[in-house]
Amino acid sequence: MKRWLVTIISTILVVALLVGCTNTGSTPNGKSGNAQKKMAIIVKSTGNPFMEKMAEGFKTAVEETGGQAIIKAPEQPTAEAQIQMIEELIAQKVDAIAISANDPDALQPALQKAMKQGIKVLSVDSAVNAQSRMVHVQQADPERIGRVLVQAIYEMIGGEGEIAILSATSQSTNQNTWIKWMQEELKDPKYSKVKLVKIAYGDDLRDKSVSETEGLLKSYPNLKGIIAPTTVGIAAAAKVLTDKGLKGKVQLTGLGLPSEMAEYIESGVCQWMYLWNPIDLGYLAGYAADALVTGKITGKAGEKFTAGKLGEREIIQVGDGTEIMLGDPFKFDASNIGEWKNVY
Ligand code: RAM
């Protein structure tokens with residue numbers, strides 16, 4: 001090779017090497033580490049204040065870690081709408097997608113496509129199956145949530161009578177898991193005089209949750225209690241029971257946002273309910289997404305990372321997938337609702 005050609009080639013190689021060294025690392029999408037990471041969250045649907053709080057927490061974490069948050073919310077809580085959003089985010093070459101799933105399995109092809117292209121995928125709040133994600137950010141132990149809600153309604157109705165569940169959508173992973181644990185709890189002989197008459201689905205839509213509650217009251221005139229493991233459902237049911245003057249006649253518990261439920265807890269329509277901090281849940285997902293993108297974690301059990309103000313978290317194995325846990329469900333009643341109603 002001619003000497004001048006060798007000089008040119010080696011100069012090009014040295015320059016390329018130097019440019020490579022000034023980058024602090026590359027993301028899977030070929031972006032330099034200095035470029036702002038695009039971190040997306042897809043929630044179940046619009047018009048759900050729980051989802052808004054969760055997205056708010058996600059955004060805070062993403063901004064604390066120097067990224068840009070993209071928040072997507074379909075109008076209807078369906079898998080189809082979420083698949084379309086996943087495709088859009090793949091085309092946008094985002095670095096991570098966190099999703100609160102409207103279906104455990106239907107999103108698999110789209111999410112696997114995203115992962116094949118180097119996008120880090122995690123679920124939060126409502127899981128996708130283990131093959132469709134790298135890790136799931138779980139609010140609290142699902143068994144505890146399911147069991148505690150049955151124990152609550154049992155106490156409220158005095159240990160006997162007909163009860164119903166008012167859920168979100170029929171495909172929602174989180175509600176279905178909680179309902180499975182409610183049914184397990186109901187197998188205990190102590191519940192022999194409690195009858196679960198119906199599981200109704202309000203789809204986390206306010207109007208549908210109202211009409212489903214009205215339907216339950218009409219079809220089951222002896223109904224003694226309703227468990228609504230959804231913030232949209234419990235608020236809708238509380239309003240119906242209030243408007244119909246059924247306070248004390250039909251008991252209500254479930255998972256509710258203090259800001260939406262304070263008036264009903266104060267009035268006694270719902271004596272107590274449970275939840276966790278949705279802002280912290282989104283915040284934890286934001287830090288988990290960042291840890292995946294920066295390579296601090298890969299989603300394997302035993303890995304640890306620091307989730308900002310929430311401190312160190314460890315990934316644990318649950319069934320065939322891995323999870324990061326937020327904490328314990330918290331009980332809200334007349335004694336503490338005042339402190340929380342302005343928080344979330
Ligand atoms: C609704 C949603 C959400 C659930 C809460 C408790 O806002 O269904 O997924 O976690 O309720």
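Me: Let's define cavity first: on a 1 Å grid over the protein atoms alone, a set of points where a 1.4 Å probe fits but cannot get out. How much space lies in the largest cavity?
Reply: About 110 Å³. Grid points are joined across faces, edges and corners, and the volume is the space filled by probe spheres set on the points. The structure holds 1 cavity of 30 Å³ or more.

Me: What kind of model is this, and how are residues numbered?
Reply: The model is predicted, and local features need pLDDT of at least 70, side-chain atom pairs count only at pLDDT 80 or more, while totals for chains, interfaces and linings use all residues. Numbering starts from 1 along each chain as its sequence is written, and side-chain values use heavy atoms, with hydrogens and water left out.

Me: OK. How many helices and strands are there?
Reply: The protein has 11 helices and 15 strands. Both are DSSP runs numbered from the N terminus: H or I of at least four residues for helices, E of at least two for strands. Along the principal axes, the C-alpha atoms fill a box of roughly 95 × 35 × 35 Å.

Me: Back to the largest cavity. Which residues lie nearest its centre?
Reply: Phe50, Asn174, Gln175, Thr230 and Thr231, out of 15 lining residues. A lining residue has an atom within 4 Å of a point. Helix 2 (49-64) and helix 6 (173-186) each supply at least two residues of that lining, and the largest share, 3 residues, is from helix 6.

Me: And the lining by class?
Reply: For the largest cavity, 7 nonpolar, 5 polar and 3 charged. Ala, Val, Leu, Ile, Met, Phe, Trp, Tyr, Cys and Pro count as nonpolar, Asp, Glu, Lys and Arg as charged, and the others, Gly among them, as polar.

Me: Now the largest pocket. How much space is in it?
Reply: About 450 Å³. Of its 25 lining residues, Gln138, Pro142, Thr177, Val318 and Glu323 are the closest to its centre. A pocket here is an open set of grid points with protein on both sides within 12 Å along at least five of seven lines.

Me: Where does the largest share of the pocket lining come from?
Reply: From helix 6, with 6 residues. Strand 5, helix 5 (142-156), helix 6 and strand 14 each give at least two. The pocket lining divides into 9 nonpolar, 8 polar and 8 charged residues.

Me: Strand 14, then. Why is it called largely enclosed?
Reply: Strand 14 (residues 321-325) has 4 of its 5 residues buried, so the rest of the structure largely encloses it. Buried means under 20% relative accessible area, exposed over 50%, and partly exposed in between, with a 1.4 Å probe and protein chains only.

Me: Which way does strand 5 run with strand 14, parallel or antiparallel?
Reply: Parallel, with 3 bridges joining strand 5 (residues 135-138) to strand 14. Strands pair if DSSP finds at least two bridges between them. His136 has Glu323 of strand 14 as its bridge partner.

Me: And strand 13 with strand 14, parallel or antiparallel?
Reply: Antiparallel, again by 3 bridges, from strand 13 (residues 316-318). Ile316 stands opposite Glu323. This hairpin has 2 residues between the strands, and Gly319 takes a positive phi near 60° there.

Me: Different topic. Which residues of helix 4 are buried?
Reply: In helix 4 (residues 108-116), they are Ala110, Leu111 and Ala114. Seen down the helix axis these fall within an arc of 95°, so they line one face; the arc is that of the directions from the axis to the C-beta atoms. Pro109 and Lys116, on the other side, are exposed.

Me: What covers the buried residues of helix 4?
Reply: The cover includes helix 3 (79-91), strand 3 (96-99) and strand 4 (120-124).

Me: Last one, Ser172. Buried or exposed?
Reply: Ser172 is buried, at 0% relative accessible area, in the loop between strand 6 (161-167) and helix 6. Leaving aside neighbours within four places in sequence, Ser172 is in contact (heavy atoms within 4.5 Å) with Lys44, Asn102 and Ser126.
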